[in-house]
Amino acid sequence: KQVQQELLDKFGSIYEAFRALDQNTRGYLSLEEVRAGLQRHLGTDTTNADKFFKVMDMDTDGRISMLEWTQRFRDLGHTIMNYQFEISERESKSIFERAKKECYENS
C-alpha cells in the first residue's frame, strides 16, 4: 500500500492527514515532522518517509506546504485506489485556503 493511500485510510481526508503531521502548526511539514508522523501513525521507516517527503516537496525547498500537499495528492490521484482527485487548479487553491483556515485559524 502506498503512503498516500494509508494516510487517507487513517485520517479520512488529505487535510486531516496534513494537520496530524504538522505538529508545530506552522502550515508546512518539515522532513522531521514527516519522519516522526509517518512512523507514529503508519509505522513507516525513515527510508520510506524520506522517499515520500522527496515526492511531496515539489519545489525542493525542504518543506511541504499545504498547496504542495493538495497538488501532489491531485497529481498522484491516478495511483490512489477508490479515491477521486480529479480537481482543477482553481479547486486546488480553494482547498488550500479552506484547509489553511480550518487548520490554523481555529488552533
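The model is predicted, so local features need pLDDT of at least 70 and side-chain atom pairs count only at pLDDT 80 or more, while totals for chains, interfaces and linings use all residues. Residues are numbered from 1 along each chain as its sequence is written, and side-chain values use heavy atoms, with hydrogens and water left out.

The protein chain holds six helices and two strands. Helices (H or I, at least four residues) and strands (E, at least two) are DSSP runs, numbered from the N terminus. From that end, the elements run α-α-β-α-α-β-α-α. The chain has 107 residues, and 41% of them are buried. Buried means under 20% relative accessible area, exposed over 50%, and partly exposed in between (1.4 Å probe, protein chains only). Contact means heavy atoms within 4.5 Å. Among contacts between residues at least 6 apart in sequence, 50% join residues at least 24 apart.

The largest nonpolar core has 19 residues. A nonpolar core is a set of buried Ala, Val, Leu, Ile, Met, Phe, Trp, Tyr and Cys residues joined through side-chain atoms within 4.5 Å. L7, L38, F52 and W69 have the most contacts inside this core. Helices α1 (3–11), α2 (14–21), α3, α4 and α5 each supply at least two of its residues. Helix α2 gives the most, with five.

Helix α1 has the buried residues V3, Q4, Q5, L7 and L8. Their cover includes α2, α3, α4 and α5. L7 touches G12, A17, L38, L42, F52, W69 and F73, leaving aside residues up to four places away in sequence. G12 follows α1 and has a positive phi, near 85°.

Helices α4 (residues 46–56) and α5 (residues 66–75) meet with their axes within 9 Å, crossing at roughly 95°. Axes are lines fitted to C-alpha atoms, for helices over the stretch in contact, and angles run from 0 to 180 degrees between N-to-C directions. The two helices are therefore roughly perpendicular. Angles of 65 to 115 degrees count as roughly perpendicular, under 35 as roughly parallel, over 145 as roughly antiparallel and the rest as oblique. F52, V55 and M56 of α4 make the contact with E68, W69, R72 and F73 of α5. By class, five of these residues are nonpolar, none polar and two charged. Ala, Val, Leu, Ile, Met, Phe, Trp, Tyr, Cys and Pro count as nonpolar, Asp, Glu, Lys and Arg as charged, and the others, Gly among them, as polar.

T44 lies in the loop between α3 (31–42) and α4. With 9% relative accessibility, T44 counts as buried. Beyond residues up to four places away in sequence, T44 touches L38, Q39 and A49.

The structure holds three aromatic pairs. Rings of Phe, Tyr and Trp (its six-membered ring) pair if their centres lie within 6.5 Å; planes under 30 degrees apart count as stacked, over 60 as edge-to-face and the rest as tilted. F18 and W69 form an edge-to-face pair, 5.5 Å centre to centre with 70° between the planes. F18 lies in α2 and W69 in α5, so this pair ties together parts that are 51 residues apart in sequence. W69 also pairs with F73 in a tilted arrangement, 5.1 Å centre to centre with 55° between the planes. W69 and F73 both lie in α5, four residues apart, about one turn of the helix. W69 is buried, with a relative accessible area of 0%. F73 is buried too, at 1%. Ring pairs link F18, F52, W69 and F73 into a cluster.
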